[in-house]
Amino acid sequence: MATMHYAYGAPASAAIADGFNLIDLQYASSVNALPDGTKALIYLNEGSGVTQSFIDKVTPLLGNSKVFGFYLTDEPDPTGKYHTQVTAANLKAESDWIHSHFPGAKTFITLMEMGTFYNSDYTNTYNPANTGIDYYGINPYPVRSTVVDFNYIDRAVAAAEKAGIPQSAIVPVYQAFGGGGWATNTGGSYVMPTTAQEQTIIDHFAKLVPSPAFDMVYKWSSQNGETSLGNTPSMQAFYLDHNTHTSTSTSSGSGTGTGTSTGTTTPPPVTTTTADIKGTSGNDILRPADNAAHTMAGYAGNDDYYVNNAATKVIEAAGQGQDRVWTSVSYALTPGSSIEVLGTQKDAGTTAINLTGNELAQHIIGNAGNNIINGGGGADTLTGNGGNDTFVFNTAPSKGVVTITDFNPALDKIQLDHGIFQGLSTGALASTAFYTGTAAHDSTDHIVYNSTTGALYFDSDGIGGASQIQFASLTPHLAITANSFAVV
């Protein structure tokens, strides 16, 4: 398997936090700031040969020990049919110039598919013989709205080898995006893989290209409205697991788990917890090897916890990094534990998993099933992620405004606790108690939705003397009615 991992378009800090150690950069100042254990792959976007622009970009980086190599350009078109034509001769001139001026630096491009989904073809494009380039990214994206076929990877790798690219020069490119405005050559659109599908993609490549110089994930940023690695926390956790080396954590109780770290492997001294699965001062993955209840503590660093038992406790103090809990069962965070993200282990799963935060602010993310999601207090961000979801409000509105990112009035409900939202009768919210506008317009209006801003307010006395209090933020211009609410 690859020991260097690259995420296209990822900011350095985000890439490092998710275990990527080959960083997408362009400038010497950014390269020099990289921490030990990481290297830079410099994106040039140059395919016109050794121009002054090319020289100006490369020269400041010559001899820099933190530079792994240069990404000359992305999917150059050898025909000129789809984009500006890029000749093999121009790429060879660039690669040769880098090799002669910076011995040891590598050159890299990704290849454009010139065939079809079922008949992959890279002939008459680029290979080591006609370009001198060291590595070639092969990017068969198999998960689509019209078809999911992981054997496309096998066909693409075979086609690359047939075109003169040896296995040792192939870099696997893993699909980590979907949706948006991108069209496919099979009709329909790309679909963001589930983490299980992502593992299948990696496994297919691993059989064909077992020891690549590095692997590449496409992509971090959303460029055309698509879902991508950068806005999918569950996929980020998956890649943190993939990218980092795994070591066994010792258990003082009956359970064992695994942890990974980008820092020291010695846990700092802690006397206030009784954790049986412990992290380190680096970025850890704490994953029990069983389904028993555990107490896990990650300490400093950006930690990921995997929970398989509702009685498990996760302990994190404030200021100890950006920490995430991924659960396969309904789960409530431990009070006071400083966790930034709570989500399900399978975002495309349909098991009904209920998620409850604590008094601190979290981003809580459901799966494609019917979830009950409760922020638990604080200025939380809640994402249902499909299914018929219920968003629970049973803490005082003054605790913080909760953002629901994907509320669907046709499927989802907002559940209000009548003990908190006093004056509301239990059951379905009365139609007279709901109003769309900037403020209540009569004494019976208690729940007010500002369609322009998406703000959702509680007004205890309608047009009386009490001020309305914002307790949630929804997407503007939703078809919200009283039927979107239930009072318990």
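Biologist: What volume does the largest pocket have?

Modeller: Rolling a probe the size of a water molecule over the atoms shows where empty space is left. In this predicted model, the largest pocket has a volume of about 920 Å³. Its lining comprises 34 residues, and those closest to the centre are Asp74, Glu75, His83, Met112 and Glu113.

Biologist: How many aromatic pairs does the structure hold?

Modeller: There are 29 aromatic pairs. Consider Phe68 and Phe214: their ring centres are 5.7 Å apart and their planes meet at 85°, so this pair is edge-to-face, given that the class requires planes over 60 degrees apart. Phe68 belongs to strand β4 (residues 67-73), whereas Phe214 sits in the loop between α7 (195-208) and β9 (215-218), so the pair ties together parts 146 residues apart in sequence.

Biologist: Why is the pair of Phe108 and Phe214 classed as it is?

Modeller: The pair is edge-to-face because the planes stand at 70°, with the ring centres 5.1 Å apart. Phe108 lies in strand β5 (residues 106-110). Phe108 counts as buried at 1% relative accessibility, and Phe214 is buried at 0%. Phe68, Phe108 and Phe214 are among the residues that ring pairs link into a cluster.

Biologist: Is Asp290 buried, partly exposed or exposed?

Modeller: Asp290 is partly exposed, because its relative accessible area is 27%, between the cut-offs of 20% and 50%. This residue lies in the loop between β14 (285-288) and β15 (295-297), and its side chain makes a polar contact with the side chain of His294 at 2.7 Å.

Definitions and conventions. Residues numbered from 1 in each chain as written. Predicted model: local features only at pLDDT ≥ 70, side-chain atom pairs only at ≥ 80, totals over all residues. Heavy atoms only, no water. Helix = DSSP H or I, 4+ residues; strand = E, 2+ residues; numbered from the N terminus. Buried < 20%, exposed > 50% of the residue type's maximum accessible area, 1.4 Å probe, protein only. Polar contact = N/O pair within 3.5 Å; in protein donor to acceptor, adjacent residues only side chain to side chain. 1 Å grid on protein atoms, 1.4 Å probe; cavity = no way out; pocket = protein on both sides within 12 Å on 5 of 7 lines; lining within 4 Å. Points joined across faces, edges and corners; volume = space filled by probe spheres on them. Phe/Tyr/Trp six-rings, centres within 6.5 Å; stacked < 30°, edge-to-face > 60°.
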